[in-house]
Structures are given as C-alpha cells and as structure tokens.
Amino acid sequence: MSYCVNCGVELEASLRECPLCHTPVINLKEAGKEFPPSPYPTDKGQVEVVKRKDLGILLSVVLTATGATCLLLNLLVFDRSLWSLLVIGICICLFVFTFPVVYYSKMPLFVSLFADGMAVAVYLYMISYLTPSSTWFRELGLPIVALVTLALEVFTLLAKKVPFTILSGALCLFIEIPLFCTALELMIRRMLLSPLRLTWSAVVLTVCVIIDVALVTILVKKRLRNEVRRRLHF
C-alpha cells in the first residue's frame, strides 16, 4: 500500500492520482505495466433539478391542506375562538410571497411588492377578529404596512432609474429609515392620544443625517469614491 507524497492519504494500488489532492502517483518500478481499472467512479453524477411546476404543485397542496385541516380542527374540536384564521393567513402570505419565484417569475417587482403588502394587510385584518378592538389595525397596523410597501416601491424605482451601487443603495436606505421611524413614532403617539412630537425617532434622524452627508460626500468626490471602493473591495 502506498501513500500520497503531498497529503499523505493512503492510496489504492490501481490509482494513478491521489483522490484527495489529485497529485500524480509515479512508481518507476511499475512503468509500462497495465493496471486494473480504478475502483472509484469516473463520471460525476448530478441530481436532477426540481422543476418549478412540481415545486409549485407541492407548495400549493401543502398550504391548502394546512389551512383546510386547521379550519376543520377549529370548527369541530377547538371551537372557542377562530384561531385557524392565524394559520390560514400565514398560508395566504406564504403563497403570495413565493408566487413570483415558484409560479410566475415574469411578474413585475412592483406588482409583487404590492401583492405582498396586500397579503400582510389581509393577515392583520384576520388577526383583528381575535382582538377585543380593531383600533390598532386601522390606526397602526394598516398604515405601517402601507408605509413599508411604499418605501420598498420607492427603493425599487430608484434602483431601476438611478445607476445602482452599494453606496447609492446605502444612501437611499439611510434616507428611508429616518422617514419611516419618524412616521412610526407619530402614528404611535396619535393612537395613544399623546402630543405629536419627536423623541427616539429624532435620535435615529440625527444619526442617519450624518451618515447621509458622509455618503453624499463620498459619491460626489470621485477620488474619494474610488478609494472607498478599493479599500472595501466593492
């Protein structure tokens, strides 16, 4: 039995190269001799890729069966509350979220984001049936979903219209974050009937403004921009 001179792995007598590091096995005493075939397969097998149609069928069956069985269990056994709405809502959201990837990949991103926002809004509406009051849904839940959906739509629009890089994407992100936090705090204070003023969101706004100023400076100065890209490897 021989061993690889490079990595030291034990070698079969029929091997002409190391199966681990692919170092050639050279034995001058056996030059010109015929060797038995290698015990290891030479063809590289490949697992067949799952077709999108089959994955869509499986996902639809699983989500439908989950929602239907939980609904029957809710109606026939545990019927004190409509807890099955939570499961059905999650199944609807998962179906909508995966629809562009599994079922129809040509769907525009704007339409996909809008559908995702609608699915989340419907899910929150289902949850409102299980709560004593639906005020939180009208004054907080639905506005937050609409605000996040709008922010994602604007971010997507800017990514398509403006030359998109990591720096420009970070700039857009740090512009939207303080706007979202400001609107969120004002909505919370409005629902709680508190004075409309900024507290914690003002801190977020200040930090993001500093970051935005730095990013704008980097983007405007070409030499500084190239230096940052070179040092950060992007």
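Modeller: Let us start with accessibility. A residue is called buried at under 20% relative accessible area, exposed at over 50%, and partly exposed in between, with a 1.4 Å probe and protein chains only. Leu 193 has 78% relative accessibility and therefore counts as exposed. Before we continue, please note that this is a predicted model, in which local features need pLDDT of at least 70, side-chain atom pairs count only at pLDDT 80 or more, and totals for chains, interfaces and linings use all residues. Residues are numbered from 1 along each chain as its sequence is written, and side-chain values use heavy atoms, with hydrogens and water left out.

Colleague: Where does Leu 193 lie?

Modeller: Leu 193 belongs to the loop between H5 and H6. Helices (H or I, at least four residues) and strands (E, at least two) are DSSP runs, numbered from the N terminus.

Colleague: How should I read a salt bridge, and how many does the whole structure hold?

Modeller: Side chains of opposite charge can pair when their charged atoms come close. The criterion is a side-chain nitrogen of Lys or Arg within 4 Å of a carboxyl oxygen of Asp or Glu. A search of the whole structure finds one such bridge. Its partners are Arg 189 and Glu 185, whose closest N and O atoms are 3.5 Å apart. Because these two residues are four residues apart in helix H5, about one helical turn separates them. Both Arg 189 and Glu 185 are buried.

Colleague: Which residues make up the largest nonpolar core?

Modeller: A nonpolar core is a set of buried Ala, Val, Leu, Ile, Met, Phe, Trp, Tyr and Cys residues joined through side-chain atoms within 4.5 Å. Here the largest one has five residues: Leu 167, Leu 171, Leu 215, Ile 218 and Val 228. The elements giving two or more residues to this core are H5 and helix H6 (200-220). Contact means heavy atoms within 4.5 Å. Setting aside neighbours within four places in sequence, Leu 215 is in contact with Leu 167, Ala 170, Leu 171 and Phe 174.

Colleague: Which other residue of helix H6 may we examine?

Modeller: Val 209 also lies in helix H6. With 43% relative accessibility, Val 209 counts as partly exposed.

Colleague: What share of the contacts joins residues 24 or more positions apart?

Modeller: Among contacts with a separation of 6 or more, such pairs account for 48%. A further case of sequence distance is Tyr 129, which is 47 residues from Leu 82 in sequence, while their C-alpha atoms are 8.1 Å apart. Tyr 129 sits in the loop between H3 and helix H4 (135-161), and its 54% relative accessibility makes Tyr 129 exposed.

Colleague: Which residues make the nonpolar surface patch?

Modeller: Patches are made of residues with over 30% relative accessible area and no salt bridge; like charges are joined within 9 Å, and nonpolar side chains (Val, Leu, Ile, Met, Phe, Trp, Tyr) within 5 Å. Leu 71, Leu 72, Leu 73, Leu 75, Leu 76, Val 77 and Phe 78 make a patch of about 680 Å², with areas from the Shrake-Rupley method, a 1.4 Å probe, and, for residues, only the protein chains shown as cover. Leu 71 belongs to helix H1 (residues 52-76).
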